[in-house]
Amino acid sequence: MGGYILAIDQGTTSSRAVVFDGDMTIAGVGQQEFTQHFPSSGWVEHDAEEIWRSVLATVRTALTKASVSAADITAIGITNQRETTVVWDRKTGEPLHRAIVWQDRRTARFCEELKEKGLEPKFTAKTGLLLDPYFSGTKLSWLLTNVEGLRARAEAGEVCFGTVDSWLIYKLTGGKVHVTDATNASRTLLYNIGENRWDDELLSILDVPAAMLPEVKDCAADFGVTDPAVFGVAIPILGVAGDQQAAVIGNACFEPGMMKSTYGTGCFALLNTGTDRVASSNRLLTTIAYRLDGVTTYALEGSIFIAGAAVQWLRDELGFIGVSSEVGALAMKADPNQRVYLVPAFTGLGAPYWDAEARGAIFGLTRSTGPEEFARAALESVAYQTHDLLEAMKKDWNGAADKTVLRVDGGMVASDWTMQRLADILASPVDRPVILETTVLGAAWLAGSRAGIWPDRKGFAERWRRDHRFEPAMPQAERIAAIAGWHDSVSRCLTKRR
C-alpha cells in the first residue's frame, strides 16, 4: 500500500473523486455530471445505478491524473449529498425505485399532516430537525406506501434503505456491508441524536421497518473493504460524513464556537456547539457535526436559500455581468452614498425566517441606481443573511457570543470584496483557507487519520492554513445603520409581519 488517500465526493449534480498524496496535497481529480429526473412538479430523482457508474468513472480518472494505481491507495473516504433516499434489493443490489433527492417536495402534504397532529415537537426533540420534505424519513415512508410490494419485502428483511453513502459502500464492498455514519443518520428524521440510535417511536410514526436500516458508525471507522472486483485490490473504507459536516471537518472547526459557512448557490452555516446538544428557539436545526471515538459533537445549522444564485440572477436575468467573477469589481464601483437592499427571497426565506411564501424585492432605488448598486446589494445580501443566522445562533447558545471564528468555503469566497463586507457586517474575522476543497479534504482526513498516515485531530488543525484573514473595518455606527436598513427591508417581504 502507498500513502495516498482517495476521497469520493458524491454531490447533487455531479460525482467527484480526488486523490490526495501523503502531504495532503491534491494529486488528481475526476468529475462527471449525471442526469437529473423531474417526473412531476416539485419531484426530483436520481438513478442510483447511474450515480454508481459516475463514481467508478471519476475514481479511474482521478487515479490516472494522479499517476497512481488502486494499489497505491491506503484508504477511502466518502462524502455525499445528504438526505437523498435510496432503496435496493439486499441480495441483488438492484435499486427498487429511483433515488428521491433532498430537493424533492412530494411529501409536503404528509409533513403538514404530521404537524397538524402535533408531532413536530416530538421529532425536533429527538432528531433536532423540523418536519420538512427535505429530510429522508418522509421520503422513505412515501416509497414504502407507493412502490408495490416494497413494504412487505422490507418487513421481511429483503430491502436496504440508505442515504447515498450507504448505497456506495454497499456497491464498493460487493454487497457485503450495509452501514452509514452518524452525520448522515442524523438527517433522516429517524435517528435519536441524543441517544445515538434509531428511534423506535419515530419509526412507528412513519411506519418504517427497522430491518431495512443500516448500522450506524462513527465518522472515522471501519466501513468495510472494497471488493477486489471493483478496483482490482481490496481498499479499506475508513471515513464517511455528509457534505456539510465534511466541510466542518475539512475546515478544522473542532472547537466549540467555531463556525463554517459554505457559499455556493445557497449557503449552509454550521456552528460547533461541542458536546452540548443545543435546542434552537429560532428555527435552526440541531444536528450532529461529527462523531469520533464514540464522542458526539453537535452543531447548530442554518440554511440560506440564495447566495451565489443572486449573482447568477445578475448575470443571466439582468445581464449586468458576463461572468460571475466580474461581480466584485462591479460592486466596488457602487456609489457609497446609496443604500440599496436586495432581499433575495426568490424561493422564500430560509433560516431564521422560514417564510416559504416571501418573495424578493429591492429597496432604496433612486434615479442614479445602476448595475453597480445592484451588484453591491446582491453581495451584501449574503453578508446580511449570514449575520441573521449568526445572531440566531448566539440567541440559541450563549457560548457562541464571543468565540465565533468563521471559516468559509465555496465559489463565492474567491471575491475579496464579498469576504471583506462579510467581516464588516459580522464584526468578526473571516478566514479563507488555502485549500478551498474543504468537503473532500474532510472526507480524506477521516480516512487518512483512521489509517494512521495523516495527523490526528490536533495535528490536522495545526496544519490548516488560511489564505487570508478579513478583519472587520466598518465603523460601528455605519454597521448598525446598515443592518437596521436590512431588517426593515426584510420585514416588508415577510408574509407574516413581525
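This is a predicted model: local features need pLDDT of at least 70, side-chain atom pairs count only at pLDDT 80 or more; totals for chains, interfaces and linings use all residues.
Residues are numbered from 1 along each chain as its sequence is written, and side-chain values use heavy atoms, with hydrogens and water left out.

**Stop 1: the five-stranded sheet**

Select β3, β2, β1, β5 and β13, and you have an open sheet in that order with mixed pairing. Helices (H or I, at least four residues) and strands (E, at least two) are DSSP runs, numbered from the N terminus; two strands pair if DSSP finds at least two bridges between them. The edges are β3 (26–33) and β13 (237–242); each has a single partner strand, so one side of each is left without a neighbour in the sheet. From one strand to the next, the twist averages 15°. (Axes are lines fitted to C-alpha atoms, for helices over the stretch in contact, and angles run from 0 to 180 degrees between N-to-C directions.)

Now zoom in on β1 (residues 4–10) and β5 (residues 73–80), a parallel pair with seven bridges. Pick A7 and you'll find its bridge partner, G77, in β5.

Contact here means heavy atoms within 4.5 Å.

**Stop 2: the seven-stranded sheet**

Next, select the strands in the order β16-β17-β15-β14-β20-β21-β22, an open sheet with mixed pairing. β16 (285–292) and β22 are the edge strands, each pairing on one side only. The twist averages 25° from one strand to the next.

At the β16 end, β16 and β17 (residues 295–304) are antiparallel, with seven bridges; I288 sits opposite Y298 in β17. Bring in α13, which packs on the sheet against β14 (258–263), β15 (267–274) and β17, its direction making about 140° with that of β17.

How many of the 26 residues of α13 are buried? The count is 21, so the helix is mostly covered, with buried meaning under 20% relative accessible area, exposed over 50%, and partly exposed in between (1.4 Å probe, protein chains only).

**Stop 3: β20, α14 and β21**

Go to the other end and colour β20 (residues 405–409), helix α14 (residues 416–426) and β21: together they make a right-handed β-α-β unit. Right-handed means that, with the strands pointing away from you, the path from the first strand over the helix to the second runs clockwise. β20 and β21 pair in parallel over two bridges, and L406 stands opposite V430.

Show side chains on β21 (residues 430–433): V430 and R432 point one way, D431 and P433 the other, and all are buried. On to β22 (residues 466–470), which runs antiparallel to β21 with four bridges; there R469 is the bridge partner of D431.

**Last stop: T418**

Finally, click T418 in helix α14. Buried or exposed? At 4% relative accessibility, T418 counts as buried. Its side chain makes a 2.8 Å polar contact with that of S415. (A polar contact is a pair of N or O atoms within 3.5 Å; within protein, one must be able to donate a hydrogen and the other to accept it, and residues adjacent in sequence count only if both atoms are side-chain atoms.) Not counting residues up to four places away in sequence, T418 touches L379 and M412.
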